[in-house]
Amino acid sequence: MTVRMHTPNLLARAGTVTALTLVTLGGTTVAPGAAGDAEGASVSSYALRIAASKRGAPYQYGAQGPHAFDCSGLTLYSFKRAGRALPRTAAAQYGRTLHIPAFLRKRGDLVFFRSAGGIYHVGIYAGRGRMWHAPKAGSVVRLERIWSRTVSYGRVG
């Protein structure tokens with residue numbers, strides 16, 4: 001179990017380094033239990049930051065950014081900017097991801113909402129039971145608690 005951090009000198013001397021500080025200043029962190037594909041993790045983390053940067057952008061059906069989005073348009077745009085291609089729709093994105101159980105979800109994984117009719121919504125997991133998404137007409141891209149138990153998680157490879 002190792003933790004490796006790169007921090008700017010002033011912060012290191014001050015002893016005030018938080019995860020938010022590292023993200024804000026572009027520091028790198030490898031956390032305990034972060035075994036696996038480091039490149040994939042950084043792509044997902046970057047995609048999550050891209051989605052968060054779109055906070056307040058209006059929902060527009062079929063929109064893929066950079067100024068308006070629908071749910072799958074936001075995930076497509078975020079991962080494309082991070083260097084990974086995704087299909088256009090939430091259902092097609094689900095088909096293109098590695099399906100993982102909830103207890104293995106990580107920040108940057110996709111959250112898929114499902115019903116008897118199939119996958120109908122997607123967002124990007126932000127941690128602590130929350131996700132970034134473009135909810136519906138009349139709303140904006142926002143961080144919101146995951147409100148349903150009928151969700152599945154997918155990891156972009």
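The following legends describe close-up views of a predicted model.

Residues are numbered from 1 along each chain as its sequence is written, and side-chain values rest on heavy atoms, with hydrogens and water left out. Because the model is predicted, local features are reported at pLDDT of at least 70 and side-chain atom pairs at pLDDT 80 or more, whereas totals for chains, interfaces and linings use all residues.

**View 1. Confidence along the protein chain.** The mean pLDDT, the predictor's confidence in each residue from 0 to 100, is 83 for the protein chain, and 75% of its residues reach 70 or more. Over residues 1–36 the pLDDT is below 50, and this stretch has 32 contacts in the model beyond near neighbours in sequence. A contact denotes heavy atoms within 4.5 Å.

**View 2. Strand 4 and its two pairing partners.** Helices (H or I, at least four residues) and strands (E, at least two) are DSSP runs, numbered from the N terminus; two strands pair if DSSP finds at least two bridges between them. Strand 4 (residues 110–115) pairs with strand 5 (residues 118–127) in the antiparallel sense over 6 bridges. A hairpin of 2 residues joins strand 4 to strand 5, and Ser115 stands opposite Gly118 in strand 5. Strand 4 also runs antiparallel to strand 8 (residues 151–155), to which 4 bridges join it; here Phe112 stands opposite Ser152.

**View 3. The stacked pair of Phe113 and Trp147.** Rings of Phe, Tyr and Trp (its six-membered ring) pair if their centres lie within 6.5 Å; planes under 30 degrees apart count as stacked, over 60 as edge-to-face and the rest as tilted. The whole structure holds 5 aromatic pairs. The ring centres of Phe113 and Trp147 are 4.4 Å apart and their planes lie at 20 degrees, so this pair is stacked. It links distant parts of the chain, with Phe113 in strand 4 and Trp147 in the loop between strand 7 (142–145) and strand 8, 34 residues apart. Relative accessible area (1.4 Å probe, protein chains only) defines a residue as buried under 20%, exposed over 50% and partly exposed in between. Phe113 is buried at 0%, whereas Trp147 is partly exposed at 48%. Phe113, Tyr120 and Trp147 form one aromatic cluster.

**View 4. The nonpolar cores.** A nonpolar core is a set of buried Ala, Val, Leu, Ile, Met, Phe, Trp, Tyr and Cys residues joined through side-chain atoms within 4.5 Å. The largest has 25 residues, and Phe69, Phe79, Leu110, Val122, Ile124, Trp132 and Val141 have the most contacts inside it. Helix 3 (38–53), helix 4, strand 4 and strand 5 each supply at least two residues of this core, with helix 3 giving the most, 5 residues. Apart from this core lies another, of 8 residues, among them Ile100, Ile146, Val151 and Tyr153.

View 5. Tyr77 lies in helix 4 (residues 71–81) and is buried, with a relative accessible area of 12%. Beyond its neighbours within four places in sequence, Tyr77 is in contact with Ile50, Lys54, Gln64, Gly65, Pro66 and Phe69. A cis peptide bond with omega of about 5 degrees joins Gly65 and Pro66; Pro66 lies in the loop between helix 3 and helix 4.

**View 6. The backbone at Arg128.** Although not a glycine, Arg128 has a positive phi of about 55 degrees. Arg128 lies in the loop between strand 5 and strand 6 (130–133) and is exposed, with a relative accessible area of 69%.
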